[in-house]
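Reader: I want to learn how to read a model like this one. Can we go feature by feature?

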Amino acid sequence: MLSFDTLLTGACQGLIWAFVALGVFISFRLLDFADLSCEGCFTCGAAVSGVLIAGGVPPALSVICAFFAGCIVGIVTGLLHTKLKIPPILAGILTMTALFSVNLMIMQSPNINIGKHNTLYDQVNGLLEIGRRYSALIIGVLLVILVVYALYWFLGTELGCTVRATGDNEKMCRAQGVNTDNAKILGLALSNGLVAVGGSMLCQYQSSANSTMGVGAIVIALASIIIGETIFKRARGFVLRLFGVAIGAVIYRVIVTVIIDANIMSPDNLKLLTALVITVALGLSAILDSAKKAIKHRGSHKKGGA
Amino acid sequence: MEEKNTPMLEIRGITKIFHGGTINEKRALDNLSLTINRGDFITVIGGNGAGKSTLMNALTGVFPLDEGEIILDGKDITFLPEHRRARYFGRVFQDPMMGTAPNMEIAENLSLAYRRDKRHGLRWEISAKERELYAKELARLGLGLEERMSSKVGLLSGGQRQALTLLMATLVQPKMLLLDEHTAALDPKTAAKVLEITEEIVAEAGLTTLMVTHNMRDAIEHGNRLIMLKDGKVILDIAGEEKKNLTVETLLAMFSRVSGEEFASDRALLS
Ligand SMILES: Nc1ncnc2c1ncn2[C@@H]1O[C@H](COP(=O)(O)OP(=O)(O)O)[C@@H](O)[C@H]1O
Ligand SMILES: [Mg+2]
C-alpha cells in the first residue's frame with residue numbers, strides 16, 4: 001500500500017509545484033490579479049528548458065532562461081491589462097491562448113524528449129550518487145528555500161513593497177505616488193517567472209515536455225496555496241506564509257501520488273477530485289462564516305428578547 | 001519662503017464631462033475657474049453631485065479633463081499622470097478604507113508615504129531611524145498608534161485610519177492638502193478629534209488646503225475662505241472678514257440668493 005517510495009516521489013514533484021504555487025501566490029494573493037496565463041506559462045518554461053537542454057545548453061542556465069521567458073509572459077499580460085485596459089482574467093486568457101502557438105513554435109513538435117541529455121537532476125546525482133530521487137529531493141528543498149528567501153527579501157524592499165501595496169489598495173498607492181501600472185507588471189513578471197521555473201523543473205524531472213503539460217496548473221497551484229494557508233493559519237510573519245505555500249504544494253502532491261498509487265482513483269479523474277477539493281476548501285469558509293453569523297445572530301436575538 | 005497671497009493653484013476653465021455623447025451625459029465640472037493663494041485654507045461645500053469630488057479628482061489627475069488647465073505653483077500639471085502629481089497633493093478620502101493598505105503594517109504604510117517623491121529602489125524597507133521618525137509623528141496624533149507600528153492597518157478603527165491617512169498625506173510636505181469629506185464617515189466625537197488634528201497639521205506647516213465638508217458649521221468655523229459648488233461651478237466665494245462673520249443663517253440666505261433655490265431641499269448641507 002503506502003510505500004516510502006510513493007511519498008518520496010510525491011515530495012519531489014511537490015517541490016517542483018512549489019515554484020508554481022509561489023508564483024500564483026504573488027499574482028492571486030498579493031496582487032489580487034487572477035492571472036490565468038499560468039497554464040501556458042508553465043508549459044512555456046518546460047518548452048524553453050527542454051529545447052535548450054536538447055541543444056546542449058547547461059541545465060542550470062536553461063532554468064534561468066525559463067525564468068526570463070516566464071517574466072516576458074507576465075510582462076505581456078501586464079501590458080495588456082495596464083495599457084490596453086483589458087480586465088485581468090481576459091488578459092490572462094489571451095496570453096494563455098497565444099502561448100499555445102508560441103510553445104509549439106518553441107518546441108517544433110507537440111512533445112520533446114530529453115532522456116538522452118543530462119538534466120540538473122542527473123548532474124546532481126552524478127555528484128552525490130544517492131539516486132535520482134534523493135537528488136531531486138535535495139535540489140528541490142534547497143531551491144525552494146532559496147526562492148522563498150529571495151522572495152521574502154524582494155517583497156520587503158521598497159520596490160517589493162509597492163507590489164504588495166498595489167494589490168492591497170491601488171487607489172491609495174497612486175495617491176502615494178506609486179506607478180501602479182509598473183508595480184503590477186513587475187509583480188506579474190515575477191509571478192510568471194516562477195511558474196515557468198516550475199515548468200522547467202518538471203521537464204527535467206520527467207525528461208520530457210509536451211504542449212499540454214500545463215493544463216490544470218492553476219488549480220493545482222490554488223489547491224497548494226489553500227492547503228498552505230489552512231495549515232499555517234496562525235503563522236505570523238511573511239516568510240512563514242511563503243513557506244506555507246511551498247509546503248502546501250508538497251502536501252497536495254503527496255496526497256495525489258498516494259491516491260493514484262493506491263488505485264483509489266485513476267489519474268483521469270484526478271482533475272475532478274482537485275476541483276472538488278478546492279470547491280470544498282473555498283466553500284467551507286463561506287459555510288463556516290455564515291454559520292458563525294447565524295449563531296451570533298441568534299445570540300443577539302436572545303439578548304434583545306431578555 | 002515664498003510670499004503669502006501669491007497663487008499656489010490656478011484652475012482655468014476646467015470642464016469634465018462624464019458619459020459624453022450619451023443620454024447620461026453629465027457635465028460634472030463646467031468651465032470652473034478658481035485661484036487659490038499660498039496658505040489658503042478653503043472649505044468647500046455643495047450638495048450631492050455638485051462636483052466636489054470631481055474637482056479633487058481633476059486636480060490629482062484621476063482622469064483627463066475635457067477642457068481647461070491647472071497651474072500648480074507656476075507649473076502646468078494638466079497632463080501630468082496621477083502618480084507623478086502625488087508628490088504635490090496630499091489626499092484624504094471620505095472612505096477610511098480608501099487611504100491606507102489594510103493588509104500592511106502601520107509602519108509599512110508610512111514608509112510608502114515617506115517615499116512619495118522618491119524612486120522605489122532595492123533597499124530593504126524602513127531603517128531604525130525611520131521608525132523613530134514615524135513613532136514621533138504618530139505620537140502627535142495622540143491615539144497611541146506609536147505603540148502599534150507593526151499592527152496591520154486593517155485592525156484600526158475608521159477614525160484611527162483617517163488620522164493615519166492624514167499623517168501619510170503630510171509626512172512629506174505636499175504643496176497642497178486635499179480633504180474630501182474626510183470626517184463624514186466618522187461618529188461625531190471621532191470626527192471632531194480628526195478635525196482637530198487636521199487643524200493642527202495644517203496650521204503647523206501653513207499648508208494650502210482644500211477641505212470638502214458636508215457640515216456647514218465646520219465649513220464656517222475652519223479656514224479663511226469658503227466656496228460653494230453647484231452643477232460644477234463655483235457659485236459662492238467668501239473670504240476675509242465676510243468669512244469670519246459668517247453664520248449658518250447668512251450662508252443659507254446667500255445660497256438661495258445665488259442659486260434661486262431653497263437651501264432646505266438639500267439635505268446634505270443641513271446635516
Ligand atoms: N467616474 C464617474 N463616472 C460617471 N459619472 C461621475 C463619475 N464621477 C462623478 N460623476 C458624476 O458627476 C457628478 C458630480 O459628482 P461628485 O463630484 O462625486 O459630486 P460630489 O459633489 O457629491 O462629490 C455626479 O452627478 C456624479 O454622478
Ligand atoms: Mg463627493
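This is a predicted model: local features need pLDDT of at least 70, side-chain atom pairs count only at pLDDT 80 or more; totals for chains, interfaces and linings use all residues.

Reader: What area do chain B and chain A bury between them?

Author: Buried area is what two parts lose on being put together, summed over both. Here chain B and chain A bury about 2,400 Å². Carbon and sulfur atoms hold 58% of that area.

Reader: How many salt bridges are there between chain B and chain A?

Author: Look for a Lys or Arg side-chain nitrogen within 4 Å of an Asp or Glu carboxyl oxygen. Between chain B and chain A the count is four. One salt bridge pairs the side chains of A:Arg164 and B:Glu108, at 3.0 Å from N to O.

Reader: Now a single residue. Where is A:Ser37 found?

Author: A:Ser37 sits in the loop between helix H1 (4–30) and helix H2 (38–54) of chain A.

Reader: Does A:Ser37 count as buried or exposed, and why?

Author: Compare its relative accessibility with the cut-off: buried means under 20%. A:Ser37 is buried because its relative accessibility is 0%.

Reader: Which side chains make polar contacts with the side chain of A:Ser37?

Author: One is the side chain of A:Asp35, at 2.7 Å. Another is the side chain of A:Asn192, at 3.2 Å. Set aside neighbours within four places in sequence, and A:Ser37 is in contact with A:Val73, A:Thr77, A:Gly92, A:Thr95, A:Met96, A:Leu99 and A:Asn192.

Reader: Last, the ligand. Which residues are around ligand 1?

Author: Take them from chain B. Among them are B:Phe18, B:His19, B:Lys26, B:Asn48, B:Ser53 and B:Thr54. B:Ala50, B:Gly51 and B:Lys52 are also around ligand 1.

Reader: How far from an oxygen atom of ligand 1 are the backbone atoms of B:Ala50, B:Gly51 and B:Lys52?

Author: A backbone N or O atom of B:Ala50 lies 3.2 Å from a ligand 1 oxygen. For B:Gly51 the value is 3.0 Å, again from a backbone N or O atom. A polar backbone atom of B:Lys52 is 2.8 Å from an oxygen atom of ligand 1.

Definitions and conventions:
Residues are numbered from 1 along each chain as its sequence is written. Chains are lettered from A and ligands numbered from 1 in the order in which they are written. Side-chain values use heavy atoms; hydrogens and water are left out. Buried area is the accessible area (1.4 Å probe) that two parts lose on being put together, summed over both. Helices (H or I, at least four residues) and strands (E, at least two) are DSSP runs, numbered from the N terminus. Buried means under 20% relative accessible area, exposed over 50%, partly exposed in between (1.4 Å probe, protein chains only). A polar contact is a pair of N or O atoms within 3.5 Å; within protein, one must be able to donate a hydrogen and the other to accept it, and residues adjacent in sequence count only if both atoms are side-chain atoms. Contact means heavy atoms within 4.5 Å. A residue is near a molecule or strand if one of its heavy atoms lies within 4 Å of it.
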